[in-house]
Amino acid sequence: TPWAGARAAGPSVELTELKGLFEEVGRAVCSRGTTVLFPGNPRSAPETSSHFAAVGVPLSRRGQLLGALVLVNSRSGGCEPAQVSLAEDLAHRIASAIDAARLYRTAQEAISSRDTLLAVVSHDLKNPLSSVVMGSELLLAQAPKVERRRRGRKQLEVIRRSAEQMK
């Protein structure tokens, strides 16, 4: 594997050295928006990274920079092309996962807003519908059952049934 030679930093390595390297590479990636390599060569790398090689890759999705992925190798010989390729693939997958999580959260918020709105509308409709149902039942109870009132009675029954279904 490309990172097979990598190992955890030993106790002799100062944490501030690594922290400085991570911050510097991360800032460089975010300002440039492209992959940044720090080969760990004292002549071409910053002082803080003299014992390490690092690759920084932008986490971007849909044209938006989400952050930076910084991988550090304890070998000072620089990063190999396979390591850079692996880091870029990993960054792409991480950015896709972050984007999917953001889209999911946005969808959940939209669903919650919709449900709240429907609950309010449903509650507000129940009061007028109760009046419609009671009024149509009263008219049906008082309406004469003669043949000439049959059409009006049918319409009242349709109104009552429709209002009952909406409650």
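Reply: Happy to. Let's start with Asp 115, which is partly exposed at a relative accessible area of 40%. Buried means under 20% relative accessible area, exposed means over 50%, and partly exposed lies in between (1.4 Å probe, protein chains only). This is a predicted model, in which local features need pLDDT of at least 70, side-chain atom pairs count only at pLDDT 80 or more, and totals for chains, interfaces and linings use all residues. Residues are numbered from 1 along each chain as its sequence is written, and side-chain values use heavy atoms, with hydrogens and water left out.

Me: Which residue forms a salt bridge with Asp 115?

Reply: The general idea is that side chains of opposite charge can pair when their charged atoms come close. A salt bridge here is a side-chain nitrogen of Lys or Arg within 4 Å of a carboxyl oxygen of Asp or Glu. In this case Arg 114 is the partner, and the closest N and O atoms are 2.9 Å apart. Arg 114 is partly exposed too, at 46% relative accessibility.

Me: How many salt bridges are there by this rule?

Reply: The count comes to five. Among them is the pair of Asp 99 and Arg 61, at 3.7 Å from N to O. Asp 99 sits in helix H2 (residues 81-142) and Arg 61 in strand E2 (residues 53-61), so the pair links distant parts of the chain, 38 residues apart. Helices (H or I, at least four residues) and strands (E, at least two) are DSSP runs, numbered from the N terminus.

Me: Which residues are linked with Asp 99 in a network of salt bridges?

Reply: Arg 61 and Arg 62 are. Between Arg 62 and Asp 99, the closest N and O atoms are 2.8 Å apart. That pair also joins distant parts of the chain, 37 residues apart, with Arg 62 in the loop between E2 and strand E3 (64-73).
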